[in-house]
Amino acid sequence: MVLHRLLGSGTTWRLLQPSQRRQRIARQESEAVWRSIRSIIAVLLALIFAAPGHAETGYDLWLRYAPLAPSQAQRYAPHFRYLVADTTRPTLAAAVQELDRGLGRMLGSPPAHAGAVQGNGGIVLATADSPLLSGLDLPLAPLGREGFLIRSVAMPGGRVILVAGNSDAGVLYGTFRLLRLLQLQQPIDALAVADAPKLQLRVLDHWDNLDRYVERGYAGQSLWDWQKLPGYTDPRYTDYARANASIGINATVLNNVNANADILTAPYLQKVKALAGVFRPYGIRVYLTARFSAPIEIGGLKTADPLDPAVRAWWKAKADEIYAVIPDFGGFLVKANSEGQPGPSDYKRSHADGANMLADALAPHGGVVMWRAFVYSEHNDADRHKQASEEFVPLDGKFRDNVLLQVKNGAIDFQPREPFHPLFGAMPKTPLMLEVQITKEYLGFATHLAYLGTMWEEVLESDTFRPRAGSTVAKVLETPVAPRALTGMAGVANIGTDINWSGSQFDQANWYAYGRLAWDPDARAVDIARDWARLTWSADSAIADPIVAMMMESREAVVNYMTPLGLGHLMATGHHYGPAPWVSDLARPEWNPAYYHRADANGIGFDRTPTGTNALGQYAPEVAKRWGDLKTVPDRLLLWFHHVPWDYRMRSGGTLWDRLVAQYDAGITTVEDMQRRWSTLDGKIDARRWAEVRDFLAIQRQEAQWWRDASIAYWQSVSHRPLPAGHLPPPHPLGYYQAIRTPHAPGNGK
Ligand code: GCV
């Protein structure tokens, strides 16, 4: 029986010459020996992985493929004896490599590669056009280009697990999903999974400069080693692509929105081409930022006026040149007329004029323009909250079909908490994509544990009431403005050369959560946290559960010790590291924390109601009414929209002043709570990662105290109120905190 299995089917065997039979026996025997060796290695690996002293670095992210317990591995193994896929296709070859790696590590040995279905217990990867699928009548069509099915099916020749898609990328996504199910130790006996992304463009924006400095980067240098490219492509680029594909990210903007035109020159395009070649099998397209003044800087023109024929011709020729080098180039991301970047307003042209010029150049090649709505100016007296809407709403319907407007989650700038941006729902004829910041510029850099899944969920589930109740930000993003209109989401990456990629173990969760939400903006943050914790730390719920609990309380802790009750933008100047609510003398008024909190002896908060700037008027009436009324505005947004006296009675009881102080202390208490939870995991997970998190939490605890003490010292100098009973005074006078300088804090723009 065993020999029969080794040799294959009797019919084939009888057709073979004796020498061929001998060769086949030898081959099969050596394969069997190798399989045994691999099993032994797997057991050894399992022992090593399980040992608390094992030094994991975090490099493997959520794709650790930790060896399964023998009982679980035995349950899965019979389903993965062999694998059928057309590995001449690069994306399917990538899927097969991932299965080899994942199954090899989890089960002890990878599946045998077979040319056809050969009995029960195989896995088949195929696209809709494959003859393997004929007769199966699979409901693939509704799943679109990137969706997939995973099914247990009976095929001629045996019962298999089928991963099917309408494109190779769909199959790759299905493969990663299958591997996720195994890592999460889900039952696989009767698989019936169907999924498809709800958004088309799922983008990572890298704010990486060409000298490898990463603006707002806290994880080392840029991954892109431009100096060695295109001659050398670091294998790490492949691991980057694997990680992204595993969560459905399909686009990467390689360089900073504060752009350098050199990226568009011929030598750099060769380097970009090399990266595009690595990413292509993983379904990822490359995009570049386009510096609006490039025609002057690298084109020798006298102007970059978007209506000037020579400028338009230059961009057209540049697009042709790029596509000749990179035929599947994605398009441009543009920051224009914001924070010193050049743009169409320099020539008294509108943002639509600028975006459309680039869109026209890209259109013949199928490229898109992602035009950022993050536009505000120190020469505009209007509340910064209002400026982008005032600029862009009148342009609704004036953009070309291949333009998306990229809108930050809030109207100011990625604060620990902001209400959703009033542009969502306000431009029904323009494709809007959401931009979130994965890197934690305003939430404590790499060392503070802040899971951002909850923050993005809060924005995505906000009801814009446009055009009707239930039109959440997620729905606005998911609903194309016209039948074939573009949809998308972008996340500012937190990835760098650090061994753990993101600067901290827990910051990986934000990369992961971003990808999952870009795939499905209705996904729940807690489910994503649960998956991430089990994939990244341990499938044992005794370990994963406390980790999830830490994640779920983490962002609110940061809000509480940095910007409670709707305060915002209180960070130190430039690098944004540490508290500086007292700063009020910067030349640009809207860069001063004092601009945002407006605290004086009478009270605190920014009046954005009709008695103030009426930024609320930019929201749907239902939203404006709820947030504009002190009786209904949630405490968490109180000071964002209202200026209230220090002794204002909170609806929940007590005065604003007492409550403000209590929020700071609550933030610290939560960090202590996270420390306590983490300490219970000592010895239960690998030592190196555990110790790193312990030390980072200690830094967070210390800095939460710094935030609390400095902020309270300042507010008290304005409010002149005693601290409520039970809350300790800051240990130093205000001047002590004001004198703290951290001039070399990382990530500050250069
Ligand atoms: C890339 C904030 C950051 C800047 C960033 C800017 C933007 O202002 O501090 O570093 O610039 O946002 O999103 O363009």
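## Residues around the ligand

In this predicted model, the shell around the ligand contains eight charged, four nonpolar and three polar residues. Here Asp, Glu, Lys and Arg count as charged, Ala, Val, Leu, Ile, Met, Phe, Trp, Tyr, Cys and Pro as nonpolar, and the others, Gly among them, as polar. The ligand is surrounded by 15 residues, and the closest are E215, K335, R372, K408 and E441; a residue belongs here if one of its heavy atoms lies within 4 Å of the ligand.

## Polar contacts and burial of the ligand

Polar contacts are pairs of N or O atoms within 3.5 Å. E215 places a polar side-chain atom 2.5 Å from an oxygen atom of the ligand. For R216, a side-chain N or O atom is 2.8 Å from a ligand oxygen atom, and for N258 the corresponding distance is 3.2 Å. The protein buries 96% of the 340 Å² that the ligand exposes when taken alone, with areas from the Shrake-Rupley method and a 1.4 Å probe.

A164 is part of strand 5, residues 158–165; strands are DSSP runs of E with at least two residues, numbered from the N terminus. The relative accessible area of A164 is 0%, so A164 is buried (under 20%, with a 1.4 Å probe and protein chains only).

Leaving aside residues up to four places away in sequence, A164 touches A126, L133, L138, L140, G147, F148, L149 and V171, where contact means heavy atoms within 4.5 Å. V124 is 40 residues from A164 in sequence, with a C-alpha to C-alpha distance of 8.1 Å.

## Basis of the values

Residues are numbered from 1 along each chain as its sequence is written, and side-chain values use heavy atoms, without hydrogens or water. The model is predicted: local features need pLDDT of at least 70, side-chain atom pairs count only at pLDDT 80 or more, and totals for chains, interfaces and linings use all residues.

Key: Helices (H or I, at least four residues) and strands (E, at least two) are DSSP runs, numbered from the N terminus. Buried means under 20% relative accessible area, exposed over 50%, partly exposed in between (1.4 Å probe, protein chains only). A polar contact is a pair of N or O atoms within 3.5 Å; within protein, one must be able to donate a hydrogen and the other to accept it, and residues adjacent in sequence count only if both atoms are side-chain atoms.
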